[in-house]
Amino acid sequence: MQNLFECKVKYEKIDEQSGKEKKVSETYLIDAVSFTEAESRIYKEMESMIRGEFVVTNIRKANYTEIFENEDGDIWYKSKISFASVDEKSGKEKKVSNQILVLASDVKDAFDKIHQGMGGMTVDFDINAIAESPILDFFPYFKGDEVNEEIPSNLKPLSEVQPADSPTEFETE
C-alpha cells in the first residue's frame, strides 16, 4: 500500500503573460514512507524543477486508494467512488467510499479512465464526484520496474558481512 503525501511548494516564477515575477503555491503528490521522507523527496524533486528559492509550506497525508496515470492526460482529477460492502460480523450491507486520483484530459476522459481502471471489480460502484485537483504532478516511489539499488554508506550488503554458507537468523530454528 502506498503512503501518499500532498506537498505544497511556494516560490516565485515569471508570469508568461506579463513577464513579471509572481508568487505561486503549487501542490504535488509524493509517495513516501514518512513525513520526513516526503519532505526530503519533494526538496530533491523541486531542486531539479525550480530555479531559485522555494519553500515547502505544507505536507499532509493524502487518502487516495487508487491512482490511474495516463500518458495522454494533463490534469489530475480527484474522484469519489462508492460501493456496497457486507460487514462480516453483523452481515449488514454498508456503503464504502474511496478517493481516486486520475490523470486525464477532461472530466469525460477521467470518467472513462475510472471505469477502465475499476473494470476488474466484482462489485458495482458509483462515481459520486469528479473534480479537478490542485495536484500538478505525482512522484511515485518507484517509476515502473526501476528500483534504487544504491546502498547507503553506513550499511553493507549481507553477502559482504556473512559467509555464504552460514544460515541467516531467519533460517535458524
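Modeller: Strands of a sheet pair through backbone hydrogen bonds, either parallel or antiparallel. Here Ile-81 stands opposite Asn-98, which lies in E6. Strands (E, at least two residues) and helices (H or I, at least four) are DSSP runs numbered from the N terminus. The model is predicted, so local features require pLDDT of at least 70 and side-chain atom pairs 80 or more, whereas totals for chains, interfaces and linings use all residues. Residues are numbered from 1 along each chain as its sequence is written, and side-chain values use heavy atoms, without hydrogens and water.

Biologist: How many bridges join strand E5 to strand E6?

Modeller: Twelve bridges connect E5 (residues 75-86) with E6 (residues 93-104), and the two run antiparallel. Two strands pair if DSSP finds at least two bridges between them.

Biologist: In what order do the four strands form the open sheet, and which strands stand at the edges?

Modeller: The order is E4-E6-E5-E7, with mixed pairing. Strand E4 (64-68) and strand E7 (125-132) each have a single partner strand, so one side of each is left without a neighbour in the sheet. Neighbouring strands of this sheet are turned by 25° against each other on average, direction ignored.

Biologist: Which helix packs on the sheet?

Modeller: Helix H2 (residues 107-117) does, touching E4, E5, E6 and E7, and its direction makes about 145° with that of E7. Axes are lines fitted to C-alpha atoms, for helices over the stretch in contact (heavy atoms within 4.5 Å); angles run from 0 to 180 degrees between N-to-C directions.

Biologist: How many aromatic pairs does a search of the whole structure find?

Modeller: A pair of aromatic rings is described by the distance of the centres and the angle of the planes. The search finds four pairs (rings of Phe, Tyr and the six-membered ring of Trp, centres within 6.5 Å; planes under 30 degrees apart are stacked, over 60 edge-to-face, the rest tilted). Phe-5 and Phe-35 have ring centres 4.8 Å apart and planes at 65°, so they are edge-to-face. This pair links Phe-5 in strand E1 (residues 4-14) with Phe-35 in helix H1 (residues 35-49), 30 residues apart.

Biologist: Is Phe-5 buried or exposed?

Modeller: Phe-5 is buried at 2% relative accessibility, while Phe-35 is partly exposed at 44%. Buried means under 20% relative accessible area, exposed over 50%, partly exposed in between (1.4 Å probe, protein chains only). Among the pairs, Tyr-43 and Phe-54 have centres 5.4 Å apart and planes at 35°, so theirs is tilted.
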